[in-house]
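The report below describes a single protein chain for a reader who works with coordinates. Please keep the sequence and the model in view while reading.

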Amino acid sequence: MAIDRIWSYAPGSGHIEGQDLTGFAVAATDGTIGHVDREDAPHGMRHLVVDTGVWVFGRSVLVPAGVVTGIDTQGRKITLGCTRGDAKAAPRFQTDSETRDRGYLTAVGDYYDRLPPRATTSA
């Protein structure tokens, strides 16, 4: 996945421009990681902020749009092309201001861009 595409939904992902993904369940290749708290796109870097609930001690994770492999509108579920461990090991998301920090977003994009491709499963 090229770094310039990590911030855009892939063709065929099921993304519909303008669709509100808030509340959608988010599943990695090996299980659910949480639900979408919000979506943002500062500096053209579109991403989801995913509330992990108790899975990562109430921590949220930031996931670039390019990691999304599928959006099931009827089932209100988003599938990612990474594992739960990959999402947990991403650069730590601590404050809302980071969703607009170009340096932090670049670090997150670089991290996900280096991950090996993963096959998705129904989680």
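## Basis of the model

This is a predicted model, in which local features are reported only at pLDDT of at least 70 and side-chain atom pairs only at pLDDT 80 or more, whereas totals for chains, interfaces and linings use all residues. Residues are numbered from 1 along each chain as its sequence is written, and side-chain values use heavy atoms, with hydrogens and water left out.

## Overall fold

The chain has 2 helices and 6 strands, where helices (H or I, at least four residues) and strands (E, at least two) are DSSP runs numbered from the N terminus. Read from the N terminus, the order of elements is β-β-β-β-β-β-α-α.

Of the 123 residues, 44% count as buried; here buried means under 20% relative accessible area, exposed means over 50%, and partly exposed lies in between, with a 1.4 Å probe and protein chains only. The chain exposes about 6100 Å², of which carbon and sulfur atoms supply 51%, the areas coming from the Shrake-Rupley method with a 1.4 Å probe, and for residues only the protein chains shown count as cover. Among the contacts (heavy atoms within 4.5 Å) with a separation of 6 or more, 60% are accounted for by residues 24 or more positions apart.

## Helix α2

Helix α2 spans residues 102-114, and its 13 residues reach 18 Å from the first C-alpha to the last, close to the 18 Å expected at 1.5 Å a residue; the expected span is 1.5 Å times one less than the number of residues. The buried residues in α2 are Tyr104, Leu105, Val108, Gly109, Tyr111 and Tyr112. They cover an arc of only 160° around the axis, which puts them on the same side of α2, the arc being that of the directions from the helix axis to the C-beta atoms. In general, an α-helix has 3.6 residues a turn, so residues three or four places apart point the same way.

The cover over the buried residues of α2 includes β3 (47-51), β4 (60-64) and α1 (84-89). At the start of α2, a side-chain oxygen of Asp101 comes to within 2.8 Å of the backbone nitrogen of Gly103. This is a polar contact, defined as a pair of N or O atoms within 3.5 Å; within protein, one must be able to donate a hydrogen and the other to accept it, and residues adjacent in sequence count only if both atoms are side-chain atoms.

## Salt bridges

The structure holds 5 salt bridges, each defined as a side-chain nitrogen of Lys or Arg within 4 Å of a carboxyl oxygen of Asp or Glu. In one of them, Arg38 pairs with Asp37, the closest N and O atoms being 2.4 Å apart; Arg38 is partly exposed at 25% relative accessible area, and Asp37 is partly exposed at 35%.

The side chains of Arg100 and Asp40 also meet in a salt bridge, at 3.2 Å from N to O. Arg100 lies in the loop between α1 and α2 and Asp40 in strand β2 (residues 31-40), so this pair ties together parts that are 60 residues apart in sequence. Salt bridges that share partners join Glu17, Glu39 and Arg46 into one network, in which the closest N and O atoms of Arg46 and Glu39 are 3.8 Å apart.

## Selected residues

His47 lies in strand β3 and is buried, with a relative accessible area of 0%. The His47 side chain reaches the backbone oxygen of Met45 at 2.9 Å, and, leaving aside neighbours within four places in sequence, the contacts of His47 include Trp7, Asp40, Leu62, Thr99 and Leu105. Asp30, by contrast, is found in the loop between β1 (25-28) and β2 and counts as partly exposed at 46% relative accessibility. A polar atom of the Asp30 side chain lies 2.8 Å from the backbone nitrogen of Arg84.

Most residues other than glycine have a negative phi. His43, in the loop between β2 and β3, has a positive phi near 55°, and Arg76, in the loop between β5 (68-72) and β6 (77-80), has a positive phi near 50°. His43 is partly exposed at 42% relative accessible area, as is Arg76 at 39% relative accessibility.
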